[in-house]
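Please examine the sequence and the structure shown below. A short report accompanies them.

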Amino acid sequence: MIVGIGHDIVDLIRFNNVLNTRKSHFLSKYFTPVEIDYGQNTPAKFNQKMASAWAVKEATAKALGTGIAHGVRLQDIELVRNKHGMPAVLLKNTAHQVAKKLVDNATYEVFVTISHDANVVCAMVILQKNT
């Protein structure tokens, strides 16, 4: 059963401006080492990969119904890759606790899709209670 849906769009020009002015502070405050390492594996696409992670984090926060509030931090939402290289979301700390509450302590899955074009990245996230 679907318990949450979230969507986010990131303007790459605006995102690039933030990275260019406050890169190390911005990265360490909002991204996990796993996400940063993944972005650094392809330097030419680093900004696009970080924007993708940002969109996923925001979309996931919306699917949780909290946004970035009630103790949910962006670093508690991690964009990872599954064994097939597909994007996946790992919820930690308060984000995980909020998800567990939404699914009445059952198990859950987070589905994510990411799309990008020259100047835009978007992500869609679905939080599903397993039955």
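The report below covers the basis of the model, the overall fold, the surface, and selected loop residues.

## Basis of the model

This is a predicted model, in which local features need pLDDT of at least 70 and side-chain atom pairs count only at pLDDT 80 or more, while totals for chains, interfaces and linings use all residues. Residues are numbered from 1 along each chain as its sequence is written, and side-chain values use heavy atoms, with hydrogens and water left out.

## Overall architecture

The protein contains 4 helices and 5 strands, where helices (H or I, at least four residues) and strands (E, at least two) are DSSP runs numbered from the N terminus. Read from the N terminus, the order of elements is β-α-α-α-β-β-α-β-β.

The radius of gyration, taken over C-alpha atoms, is compared with a globule rule of 2.2 Å times the number of residues to the power 0.38. For 131 residues a compact globule would have a value near 14 Å, and the protein agrees with this because its own value is 14 Å. Along the principal axes, the C-alpha atoms fill a box of roughly 45 × 30 × 25 Å. Of the contacts (heavy atoms within 4.5 Å) with a separation of 6 or more, 55% join residues 24 or more positions apart.

## Burial and surface

Of the 131 residues, 43% count as buried; buried means under 20% relative accessible area, exposed over 50%, and partly exposed in between, with a 1.4 Å probe and protein chains only. The protein exposes about 7,200 Å², of which carbon and sulfur atoms supply 53%; accessible areas come from the Shrake-Rupley method with a 1.4 Å probe.

Gln75 is located in the loop between helix H3 (46–64) and strand E2 (77–81). A polar atom of the Gln75 side chain lies 2.8 Å from the backbone oxygen of Ser28, and the side chain of Gln75 also reaches the backbone oxygen of Phe31 at 2.8 Å. Not counting residues up to four places away in sequence, Gln75 touches Ser28, Lys29, Tyr30, Phe31, Thr32, Lys57 and Lys92.

## The loop between H4 and E4

Most residues other than glycine have a negative phi. Asp104, in the loop between helix H4 (93–102) and strand E4 (108–116), has a positive phi near 55°. Asn105 is found in the loop between H4 and E4, and its phi is positive, near 65°.

Asp104 is exposed, with a relative accessible area of 60%. Asn105 is exposed, with a relative accessible area of 59%.

Definitions and conventions. Polar contact = N/O pair within 3.5 Å; in protein donor to acceptor, adjacent residues only side chain to side chain.
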